[in-house]
Amino acid sequence: MERQDLSDRRFDVLLERLDRLGDELAKLNRRAENDDSFNRRTREVATLNETLSALAYAALGQAAPQVRRRRTG
């Protein structure tokens, strides 16, 4: 009977560990979804900013300034 009790305890410990692992995976998945969402929104805001700048210059009847990048090297 002692062997059966030991197996039950081990099984309970294993189930508890699996539950904790499941909780951690759920947290990681939520964090990854939030990061993806944040990156998507960042790109959308950058695109919106460029569009609004183009519209503002168009409303003023001007072309956007041409910026030349310095060559390095």
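Biologist: Let's start with Glu16: is it buried, partly exposed or exposed?
Modeller: Glu16 is partly exposed, because its relative accessibility is 47%. Keep in mind that this is a predicted model.

Biologist: Thanks! And which residue does Glu16 form a salt bridge with?
Modeller: Its partner is Arg20, and the closest N and O atoms of the pair are 3.9 Å apart. That counts as a salt bridge because the cut-off is 4 Å.

Biologist: Where do Glu16 and Arg20 sit relative to each other in helix 1?
Modeller: They are four residues apart in helix 1, so about one helical turn separates Glu16 from Arg20. Arg20 is partly exposed, because its relative accessible area is 47%.

Biologist: How many salt bridges does the structure hold?
Modeller: Two. Glu24 forms a salt bridge with Lys27, with 3.6 Å between the closest N and O atoms. Both of these residues belong to helix 1, where they are three residues apart, about one turn of the helix.

Biologist: Are Glu24 and Lys27 buried or exposed, or something in between?
Modeller: In between. Glu24 has a relative accessible area of 42%, so it counts as partly exposed. Lys27 is also partly exposed, with 41%.

Biologist: Why can such side chains pair at all?
Modeller: Side chains with opposite charges can pair when their charged atoms come close.

Biologist: Where is Ser37 found, and which side chain does it contact?
Modeller: Ser37 is in helix 1. A polar contact of 2.9 Å links its side chain to that of Arg41.

Biologist: Switching to the surface, which residues make the nonpolar patch?
Modeller: Phe11, Leu14, Leu15, Leu18 and Leu21 make a nonpolar surface patch of about 480 Å². Phe11 lies in helix 1 and is partly exposed, because its relative accessibility is 48%.

Biologist: What about the accessible surface of the protein, and what share belongs to carbon and sulfur atoms?
Modeller: The accessible surface comes to about 7,700 Å², with 52% belonging to carbon and sulfur atoms.

Biologist: Great, thanks for the tour!

Definitions and conventions. Residues are numbered from 1 along each chain as its sequence is written. This is a predicted model: local features need pLDDT of at least 70, side-chain atom pairs count only at pLDDT 80 or more; totals for chains, interfaces and linings use all residues. Side-chain values use heavy atoms; hydrogens and water are left out. Patches are made of residues with over 30% relative accessible area and no salt bridge: like charges are joined within 9 Å, nonpolar side chains (Val, Leu, Ile, Met, Phe, Trp, Tyr) within 5 Å. Accessible areas come from the Shrake-Rupley method with a 1.4 Å probe; for residues, only the protein chains shown count as cover. A salt bridge is a side-chain nitrogen of Lys or Arg within 4 Å of a carboxyl oxygen of Asp or Glu. Helices (H or I, at least four residues) and strands (E, at least two) are DSSP runs, numbered from the N terminus. Buried means under 20% relative accessible area, exposed over 50%, partly exposed in between (1.4 Å probe, protein chains only). A polar contact is a pair of N or O atoms within 3.5 Å; within protein, one must be able to donate a hydrogen and the other to accept it, and residues adjacent in sequence count only if both atoms are side-chain atoms.
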